[in-house]
Amino acid sequence: MKTAGGRAIAEYGRPFPEQVITSIKKNKVGLKGPLTTAVAEGFPSANVALRKEMYLYFNVRPAKNVPGIASRFSNVDLVVIRENTEDLYAGLEHTVANGIALSLKVITERASKCIARFAFE
């Protein structure tokens, strides 16, 4: 059975139709449910493609203690800012030999400065 991403690639030549991006840009909103990345099917991840297309370069992950819930640590109030488009998210991978894949960890000065600026602002 083909995955939804595989069907979209077959029909549109990409993980999602151009109409999706047009709608998100026009309406300034998009709802995305869980997307899977098929292993060894040869098409790009819909998540990575969406991040690149919309330049969704950051991910904000707050962590706080919840009152009334026992936790190993107390007074936790932490925010992790993660860069979403580079490193292994660049999606630059290829098969080197049977059963061996190579993934490039791309990190640019531009994206590093961009995520640092976002985090400190």
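Tutor: In this predicted model, two residues are in contact when heavy atoms of theirs lie within 4.5 Å.

Student: Which residues does Asn84 touch, not counting residues up to four places away in sequence?

Tutor: Asn84 is found in the loop between strand 2 (77-83) and strand 3 (93-97), and at 5% relative accessibility this residue counts as buried. Leaving out residues up to four places away in sequence, the residues that Asn84 touches are Arg51, Leu56, Tyr57, Phe58, Asn59 and Tyr89.

Student: With which side chain does the side chain of Asn84 make a polar contact?

Tutor: A polar contact requires a pair of N or O atoms within 3.5 Å. At 3.3 Å, such a contact joins the side chain of Asn84 to the side chain of Arg82.

Student: Are the rings of Tyr57 and Phe58 stacked or edge-to-face?

Tutor: A pair of aromatic rings is described by the distance of the centres and the angle of the planes. For Tyr57 and Phe58 the centres are 5.1 Å apart and the planes stand at 75°. Planes over 60 degrees apart count as edge-to-face, so the pair formed by Tyr57 and Phe58 is edge-to-face.

Student: How many residues apart in sequence are the parts that the pair of Tyr57 and Phe118 ties together?

Tutor: The rings of Tyr57 and Phe118 also form an edge-to-face pair, with centres 6.1 Å apart and planes at 85°. Tyr57 lies in the loop between helix 3 (46-54) and strand 1 (58-64), whereas Phe118 lies in helix 4 (residues 109-120), so the parts tied together by this pair are apart in sequence by 61 residues.

Definitions and conventions
Residues numbered from 1 in each chain as written. Predicted model: local features only at pLDDT ≥ 70, side-chain atom pairs only at ≥ 80, totals over all residues. Heavy atoms only, no water. Phe/Tyr/Trp six-rings, centres within 6.5 Å; stacked < 30°, edge-to-face > 60°. Helix = DSSP H or I, 4+ residues; strand = E, 2+ residues; numbered from the N terminus. Buried < 20%, exposed > 50% of the residue type's maximum accessible area, 1.4 Å probe, protein only. Polar contact = N/O pair within 3.5 Å; in protein donor to acceptor, adjacent residues only side chain to side chain.
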